[in-house]
Amino acid sequence: MPGSNPISRTHDKDAPHAGPLLPSLAGEPRRLVELAKQVWAAARGDTFLWRLALALLAIDAVFILVNLVALALALSPKLQAMVNIDLGFVLSPALSVNTDGGLPEMTNYAKTAATAALLYLCSRRHAQPIYLAGAVAFLIIVVDDALMIHETTGGYLAARFDLPSAGGLRPQDLGELGVYATWALVIGALGIYGIAASSAVHIRAAMLFAGVIGFIAFFSVVVDMAEIAIYWQFRRAALMIGVIEDGGEMIGMTIALILALTLWRHPSLVRDGPAPTAR
């Protein structure tokens with residue numbers, strides 16, 4: 001009709017395209033939960049996957065327990081005198097979650113690299129860029145850790161820009177936060193591209209990985225900075241937090257690997273069309 005407002009017509013309840021997007025978005029949390037349940041059921045029902053998950057989590061638990069025992073013994077000479085165990089084994093740098101090149105760290109590298117490889121294979125199988133974005137995200141994680149990029153670059157930024165100390169954090173730590181922020185922007189940009197170029201069910205699968213990455217980031221960034229901030233005032237608590245930080249990262253990497261392997265072994269979980277209903 002001449003003179004009518006074209007913008008107001010987009011809100012007309014009788015318009016053919018009014019409203020479908022919002023109900024679809026409103027239903028996404030439910031669909032995501034349904035997919036998560038399907039992935040869980042597939043992993044539980046796959047003997048190889050379930051045994052592998054339990055074995056990897058058991059290895060993580062052993063590393064965490066050994067480090068907690070080592071920490072308790074190192075902080076308490078009285079406890080050392082009471083406990084009749086081989087301190088050389090418990091306090092071995094090879095078993096320390098904080099030691100570069102130690103067995104826990106190398107295990108983490110292997111899990112992260114395997115997750116990146118599996119996501120790359122999923123991107124080839126399904127022709128969905130969102131998996132390639134995920135592969136790059138996990139590749140960034142393992143390369144940054146292995147080459148100590150955030151440490152070295154953080155130190156450079158602290159010296160180059162004369163960063164201050166703040167909130168208990170050193171200039172080095174603020175530089176590292178800048179590196180983490182840069183990686184977050186890179187991964188976020190890749191994620192946006194993947195979302196724009198991929199179908200809905202594969203985006204839901206990627207959201208599961210995003211949740212795992214968030215879990216890992218919480219321990220590697222937030223808990224790590226909390227440990228540093230309180231170290232000089234509460235040294236014993238900070239050391240304990242350090243073990244929690246590395247233990248959380250290990251468990252997160254295990255979850256990521258099992259999730260990627262489940263999607264690879266059960267491609268029907270992300271078939272195009274409505275998400276399957278969990279039983």
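Me: Before the fold itself, how are helices and strands defined here?
Reply: Helices (H or I, at least four residues) and strands (E, at least two) are DSSP runs, numbered from the N terminus. This is a predicted model, in which local features need pLDDT of at least 70 and side-chain atom pairs count only at pLDDT 80 or more, while totals for chains, interfaces and linings use all residues. Residues are numbered from 1 along each chain as its sequence is written, and side-chain values use heavy atoms, with hydrogens and water left out.

Me: What pattern does the protein follow along the sequence?
Reply: The pattern is α-α-α-α-α-α-α-α-α-α-α-α, with twelve helices and zero strands.

Me: How much of the protein is buried?
Reply: Of the 279 residues, 38% are buried, where buried means under 20% relative accessible area, exposed over 50%, and partly exposed in between (1.4 Å probe, protein chains only).

Me: Turning to α8, how far apart are its end C-alpha atoms?
Reply: They are 27 Å apart, which agrees with the 27 Å that the 19 residues of α8 (residues 129-147) should span at 1.5 Å a residue. The expected span is 1.5 Å times one less than the number of residues.

Me: Which residues of α8 are buried, and what covers them?
Reply: The buried residues include Ile130, Tyr131, Phe138, Ile141 and Asp144. Their cover includes α7 (103-126), α9 (149-160), α10, α11 (200-230) and α12. Just after α8, methionine 148 takes a positive phi of about 55°.

Me: Where does aspartate 173 lie, and is it buried or exposed?
Reply: Aspartate 173 lies in helix α10 (residues 171-197). Aspartate 173 counts as buried because its relative accessibility is 0%.

Me: Which residues is aspartate 173 in contact with, leaving aside its neighbours within four places in sequence?
Reply: Aspartate 173 is in contact (heavy atoms within 4.5 Å) with Met225 and Ile228.

Me: Pockets next. What volume does the second largest pocket have?
Reply: Its volume is about 360 Å³. On a 1 Å grid over the protein atoms alone, a pocket is an open set of points where a 1.4 Å probe fits, with protein on both sides within 12 Å along at least five of seven lines; lining residues have an atom within 4 Å of a point. Grid points are joined across faces, edges and corners, and the volume is the space filled by probe spheres set on the points.

Me: What lines the second largest pocket?
Reply: There are 14 lining residues, of which Trp40, Ala43, Ile255, Ile258 and Leu259 lie nearest the centre. α12 gives the most to this lining, with five residues.
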